[in-house]
Amino acid sequence: MVYITDEIIDRIIKEDMPYSDITTEMLGIGEERGIISFYARNEGVAAGVEIAGKIFTKLGCKVIYKVKDGEKLSAGSMILQAEGTASALHAGWKVSLNTLEYLSGIATLCREMADIAYSVNKNIVLAATRKSMPLSRELVTSAFLAGGISAHRLGLSETVLIFKQHLEFIGGIDNLEKAIKSSNHKMVEKKIILETENMQDSIKALHYDFIDGLQLDKLSPDEIKYIVQEKNKINPAMLILAAGGINKGNIKEYAATQADVIVSSSFFHASPLDIKAVIEKQ
């Protein structure tokens, strides 16, 4: 579970209602009582339900029904229901609907891709990149978890992940061992992962006992499969992560390579789940 702070909930509400809801005020209906209900129009996986519930609670409403994040939805099934004043229900309506639709869309695609990958490799780990829009990472991470996958390196303070852009400043891959060992490996509790983009560097790096894993970027499934086979001979403990251009259409081929982890950004391009919101006067 991702802990969503009151600060985030306040920011979501404040963005859509920077001062007040002038429509509800003009009509003089703010103190009327009502119920809002959200329904899935299509099958999918629920995500953002806890967040939407917190939005309505923050606005003074009472949540009277909600499914759990990660729960499978059938077409027409209720996702969440809350009761409160018309002013509170209208303040929470669109921001909750948008949150539910976008996050449930991501969770649904995550589950679909995971099911495909597990059909050929039950031990594979799926992880999403950190290509989220700024300030949305907590929200999308909650969707990943609801969809049954992991988040890959949530920020720069996690795994040591060395890209070619880092190698540029140390004079190339041949100077990597010296750079790591001269640093005394200050991040002793962190794994060190090196990203490679071609077969030559990947095979060379299999012999590096000073890194924990290789992230293979945009290599083909056949190339990754060969590298995994060589890894099992040379350095069985090394982690192999497949990354770059992996999506629902090709994830089965990448999972079959027997890489340890598949890293993908395609989850961010998921279509929102179609959800209906109904507000009724009590």
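Guide: Leu135 sits in the loop between strand 6 (125-128) and helix 5 (137-146). Helices (H or I, at least four residues) and strands (E, at least two) are DSSP runs, numbered from the N terminus. This is a predicted model: local features need pLDDT of at least 70, side-chain atom pairs count only at pLDDT 80 or more, and totals for chains, interfaces and linings use all residues. Residues are numbered from 1 along each chain as its sequence is written, and side-chain values use heavy atoms, without hydrogens and water.

Visitor: What is the phi of Leu135?

Guide: Positive, about 75°, although Leu135 is not a glycine. Most residues other than glycine have a negative phi.

Visitor: Is Leu135 buried or exposed?

Guide: Exposed, at 67% relative accessible area. The cut-offs are under 20% for buried and over 50% for exposed, with partly exposed in between (1.4 Å probe, protein chains only).

Visitor: And what about Gln258?

Guide: Gln258 is not a glycine, yet has a positive phi of about 70°. Gln258 lies in the loop between helix 10 (251-255) and strand 12 (261-264). Gln258 is partly exposed, with 44% relative accessibility.

Visitor: New topic. What does UniProt place at residues 21-104?

Guide: The unreviewed entry gives "domain: Quinolinate phosphoribosyl transferase N-terminal". UniProt positions follow the numbering used here, feature names are shortened, and annotations may be inferred rather than shown by experiment. Residues 21-104 are 42% helix and 30% strand, with the end C-alpha atoms 27 Å apart.
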